[in-house]
Amino acid sequence: MGQLIYSGIVSLDGYVADRNGNFSWSEPDEEVHTFVNDLERDVGTYLFGRRMYQVMSAWETFDTPDQPDYIRDFARIWQGADKVVYSTTLTAASTAKTRIARTFVPDAVRDLKNATDAHISISGPTLAAAALRAGLVEECRVFLNPVAVGGGLRFLPDGQGLRLELLEEHTFGNGVVYLRYRTQA
């Protein structure tokens, strides 16, 4: 059975984007990106909300010779996985191996988990909030950046209580700390 994993690059004060929607502070360096690539190799399906999909769809064309190896590697990983985009406004996908779903249905995600041995990655805090509320997320993976942005879009939704068990931690040379947690009922 596949595991649903919620990952994000987060400011020290818990945000994935600031009040203006800016997340340029979160761009991983080569060391962090290479680590992320190794984690993402086991992902068979990505679940995205519309906004996150539109950001991530740039990876569809990043596998070019002028990019560094670690960038081209992530592009190949992303392109090789299936994608489900939850959107009421998109009528068609702009990337291969992608389907549009109008609404997030917890039972459909449970069925997807039961039908695969690969990991399923959920991206974007709004979509992840629905999966967290439904009790579908097995792990949270956080890349904590040494920056405070003072407000914006939170990694974890307000009012969401979670009990987490620390499984792994890693500190990078740039001050980013990776924290991997198992969610507990």
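**Entry 1: ground rules.** I am working with a predicted model, in which local features need pLDDT of at least 70, side-chain atom pairs count only at pLDDT 80 or more, and totals for chains, interfaces and linings use all residues. Residues are numbered from 1 along each chain as its sequence is written, and side-chain values use heavy atoms, with hydrogens and water left out.

**Entry 2: the two helices.** I looked up α1 (residues 30-40) and α3 and found them packed at an angle of about 25°, their axes 10 Å apart. Helices here are DSSP runs of H or I with at least four residues, strands are runs of E with at least two, and both are numbered from the N terminus. Axes are lines fitted to C-alpha atoms, for helices over the stretch in contact, and angles run from 0 to 180 degrees between N-to-C directions. α1 and α3 are therefore roughly parallel to each other (angles under 35 degrees count as such).

**Entry 3: who touches whom.** Contact means heavy atoms within 4.5 Å. On the α1 side I noted Glu30, His33, Thr34, Val36, Asn37 and Glu40, and on the α3 side Tyr70, Ile71, Asp73, Phe74 and Ile77.

**Entry 4: the sheet.** Next I traced an open sheet of eight strands with mixed pairing, in the order β5-β4-β3-β6-β1-β7-β10-β9. Two strands pair if DSSP finds at least two bridges between them. β5 and β9 (163-171) stand at the edges with a single partner strand each, so one side of each is left without a neighbour in the sheet. From one strand to the next, the twist averages 25°.

**Entry 5: around β4.** I zoomed in on β4 (residues 82-86), where four of the five residues are buried (under 20% relative accessible area with a 1.4 Å probe, protein chains only). β4 runs parallel to β3 (residues 43-49), joined by five bridges, and parallel to β5 (residues 98-101), joined by four.

**Entry 6: around β3.** I also followed β3 to β6 (residues 119-123), which run parallel with five bridges. Here Tyr46 stands opposite Ser121. Helix α3 (residues 69-80) packs on the sheet, touching β3 and β4, and its direction makes about 85° with that of β3.

Key. Buried < 20%, exposed > 50% of the residue type's maximum accessible area, 1.4 Å probe, protein only. Parallel < 35°, antiparallel > 145°, perpendicular 65-115°, else oblique.
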